[in-house]
Amino acid sequence: MSINKEQIRTALTHVFHPDKETDLISLEMIQDIIVQEKYISFTLELPEKNDKLAHSLKSKCEEAIRKFVDREAVVDITTGVNISLKRKLEGEEPAEDSSQQTAEPEQLLPGVKNMIAVASGKGGVGKSTVAANLAVGLARTGARVGLLDTDIYGPSIPTLFDIHERPNITTQKKLVPIEKYGVKLVSMGFLVDTDQAMIWRGPMVTSAVKQFMQEVEWGELDYMVLDLPPGTGDIQLTLVQTVPLTGAVIVSTPQHVALDDVRKGVAMFRKVNVPVLGVIENMSWFTPDDMPEKKYYIFGKHGARELARKLEVPFLGEIPLRESIMRSSDQGDPIVHSDPGSPAAESFLEISNRVEQALIVRNREQEETEKVEIKFRP
Ligand code: ADP
């Protein structure tokens with residue numbers, strides 16, 4: 001017999017908050033239950049970060065599910081922080097409804113018209129290279145563009161834009177983005193010690209990113225490009241719920257392993273109501289700089305294009321693997337700026353153009369992304 005959500009909810013009514021005489025379901029601490037055969041996932045929301053409590057409640061939840069529902073259930077619990085629970089647990093007022101919870105992200109950046117996340121399932125597929133060239137490409141059209149590098153594990157914007165100085169702080173204690181190639185830049189790499197960043201957890205990243213939104217003099221922007229950390233885990237999920245994204249693009253290479261990650265990425269954005277503007281395939285073929293007419297499909301052909309079709313998301317274009325792209329990135333001068341007439345730059349520029357078009361269509365046909373409340377691990 002297949003498991004259903006109600007059984008999970010009932011089982012979790014047997015798990016009590018240690019300081020309250022109330023169960024987790026009544027306290028609304030369990031959200032977004034997803035059941036796929038024996039695989040069960042949900043979010044355990046806590047009023048604040050508390051690893052010890054999270055750990056103990058997680059094992060109690062697992063035990064309850066195995067005891068009351070299915071011995072062999074595979075349970076995957078993500079913890080999230082929902083500050084409105086604090087008031088509820090303290091008995092001051094009921095948990096806020098979700099429209100109030102999401103009011104905050106709406107106001108994070110009132111001067112930004114479009115916020116685009118650049119995501120990838122894995123590191124090393126060229127996400128940051130794409131984010132940088134996309135931002136510079138959009139700026140070349142005369143648009144006002146910001147690029148926020150939230151990749152705490154390997155912030156690449158300092159390298160990609162050859163920035164070694166620290167940003168200025170205004171007398172109002174606001175950080176001034178560093179402007180280069182027409183793009184306003186802020187990177188975690190400007191401020192944090194990346195060795196320490198390895199131990200950062202989702203809520204810490206989220207609060208740092210919130211600060212980058214609120215405590216930076218971004219001014220008016222037509223586009224803010226957000227370079228997300230690679231992957232589709234808790235950190236990414238929390239992040240994409242924290243900021244009011246207009247849409248997301250997913251970068252992938254053509255091979256099968258990478259494509260699985262695209263699937264997860266699309267699922268993640270769909271679950272949190274963020275429109276996927278499309279998939280970008282990077283390293284589609286290799287062209288040696290001295291044989292520009294050659295195309296070697298070293299990672300397979302059209303993988304991402306076909307997957308995009310299957311997943312019913314737009315395909316935004318292909319970028320070749322070229323030494324010139326890597327060289328310009330290493331030199332801190334993205335190819336769209338350093339050699340805009342080259343075929344490699346043209347592929348990026350075409351993609352920027354498609355992203356722009358996709359945003360126009362998205363803004364015309366869909367409401368603002370206003371509610372991103374589901375927390376799950378896809
Ligand atoms: P990610 O952000 O996904 O980790 P990066 O953008 O940092 O990936 O790219 C990883 C490495 O691959 C970098 O050295 C970058 O210069 C290189 N690279 C990315 N895309 C291309 C490309 N199309 N052609 C050549 N080198 C590339």
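The expected span of a helix is taken as 1.5 Å times one less than its number of residues, and helices (H or I, at least four residues) and strands (E, at least two) are DSSP runs numbered from the N terminus. By this criterion helix H16 (residues 343-365), with 23 residues, reaches 33 Å from its first C-alpha to its last, close to the 33 Å expected at 1.5 Å a residue. An α-helix has 3.6 residues a turn, so residues three or four places apart point the same way.

The structure is a predicted model, in which local features need pLDDT of at least 70, side-chain atom pairs count only at pLDDT 80 or more, and totals for chains, interfaces and linings use all residues. Residues are numbered from 1 along each chain as its sequence is written, and side-chain values use heavy atoms, with hydrogens and water left out.

The protein contains 16 helices and eleven strands, and 52% of its 378 residues are buried. Of the contacts (heavy atoms within 4.5 Å) with a separation of 6 or more, 74% are accounted for by residues 24 or more positions apart.

The mean pLDDT, the predictor's confidence in each residue from 0 to 100, is 85 for the protein, and 87% of its residues reach 70 or more. Among the elements, helix H15 (residues 335-338) has the highest mean pLDDT (97) and helix H4 (residues 98-101) the lowest (39). Over residues 93-106 pLDDT stays under 50, and the model has 24 contacts beyond four places in sequence for this stretch. Where pLDDT is low, the predicted coordinates should not be read in detail.

Notes. Buried means under 20% relative accessible area, exposed over 50%, partly exposed in between (1.4 Å probe, protein chains only).
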